Amino acid sequence: MSELRFVHLGFGADAVEYQEAWQEQRRVHAARFADEIPDTCLLLEHPAVYTAGRRTEDSERPLDGTPVVDVDRGGKITWHGPGQLVGYPILKLPRPVDVIAHVRRLEEALIRACAELGLATTRVEGRSGVWVLGDPVEERPAIGGLSLDFDPRLADEEFDPRLNGPEYAPSNAGQRREDRKLAAIGIRIAKGVTMHGFALNCDPDNTWFDRIVPCGIRDAGVTSLSNELGRRVTVAEALPLVEKHLREVLEAAEPQPRPVEARAS
């Protein structure tokens with residue numbers, strides 16, 4: 001791929017409202033489609049906001065009626081806010097676009113950035129994003145006086161942590177030694193150009209995730225670089241490393257069109 005351009009839209013006190021950033025994405029997307037600009041990655045923080053992808057179910061939204069912005073990306077509901085590094089890579093890829101390959105490249109860049117900070121992360125089969133793996137189920141601690149045999153997360157598909165005590169909240173997944181998501185990825189492809197992207201939890205208040213079913217996943221939770229490393233990792237510290245590894249991975253990539261099987265005549 002060609003050289004990747006990075007644009008810092010705003011961080012901290014200059015965090016960018018979601019709707020404003022979405023409008024900027026659309027503007028950059030149109031310019032990239034017209035070849036007026038090179039591949040571009042917007043980097044920023046948002047004020048606190050819930051956004052819901054096209055597959056979000058009503059049962060996954062906040063129970064207290066907190067407003068949610070419905071967006072045109074894939075995936076389900078998530079939260080953005082202070083302490084989270086958000087990236088919107090707007091790239092022109094060969095059509096038909098191999099969406100999975102694009103997601104894997106974003107995951108790889110974030111995995112490398114986390115490793116440089118001292119945290120080993122991985123992928124989870126069937127689930128996008130970057131994860132910290134928990135302990136095997138049989139080795140996890142019993143919670144709230146329950147034995148694991150009766151833990152509702154293991155048997156009840158409708159289990160909703162928002163209706164239970166704080167020990168079941170997504171933000172406490174580390175204490176429960178469950179798998180926990182460190183970075184979420186949700187994208188959209190329009191006219192062969194990518195939109196939306198990733199959100200890396202550096203030092204956010206993860207209790208925001210407790211009002212929703214993050215990414216529609218009920219049997220895992222969320223975490224942050226700060227929680228996992230036992231020290232504060234700010235967006236400012238993670239930013240140059242994420243830029244570095246996005247550049248390495250994306251510029252070295254040679255994207256191929258998604259294979260299309262020929263129809264039998």
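Tutor: Two rings of Phe, Tyr or Trp pair if their centres lie within 6.5 Å. Keep in mind that this model is predicted.

Student: Which residues do ring pairs link into a cluster?

Tutor: By the pairing rule, the count comes to four aromatic pairs. Ring pairs join a cluster made of Y50, W79, W208 and F209.

Student: How many residues apart are W79 and W208?

Tutor: W79 sits in strand β5. W208 sits in the loop between β10 and β11. This pair links distant parts of the chain, and the separation is 129 residues.

Student: Is W79 buried or exposed?

Tutor: Buried means under 20% relative accessible area. W79 has 0% relative accessibility, so W79 is buried.

Student: What kind of pair do W79 and F209 form?

Tutor: The ring centres of W79 and F209 are 5.5 Å apart. Planes over 60 degrees apart count as edge-to-face. These planes stand at 75°, so the pair is edge-to-face.

Student: Is F209 buried or exposed?

Tutor: The cut-off for buried is under 20% relative accessible area. F209 has 3%, so F209 is buried.

Student: Which residue has its charged end over the ring of W22?

Tutor: A charge over a ring must lie within 6 Å of the ring centre. Here the distance is 4.8 Å, and the charged end belongs to R26.

Key:
Residues are numbered from 1 along each chain as its sequence is written. This is a predicted model: local features need pLDDT of at least 70, side-chain atom pairs count only at pLDDT 80 or more; totals for chains, interfaces and linings use all residues. Side-chain values use heavy atoms; hydrogens and water are left out. Rings of Phe, Tyr and Trp (its six-membered ring) pair if their centres lie within 6.5 Å; planes under 30 degrees apart count as stacked, over 60 as edge-to-face and the rest as tilted. Helices (H or I, at least four residues) and strands (E, at least two) are DSSP runs, numbered from the N terminus. Buried means under 20% relative accessible area, exposed over 50%, partly exposed in between (1.4 Å probe, protein chains only). A charge sits over a ring if NZ of Lys or CZ of Arg is within 6 Å of the ring centre and within 35 degrees of the ring normal.
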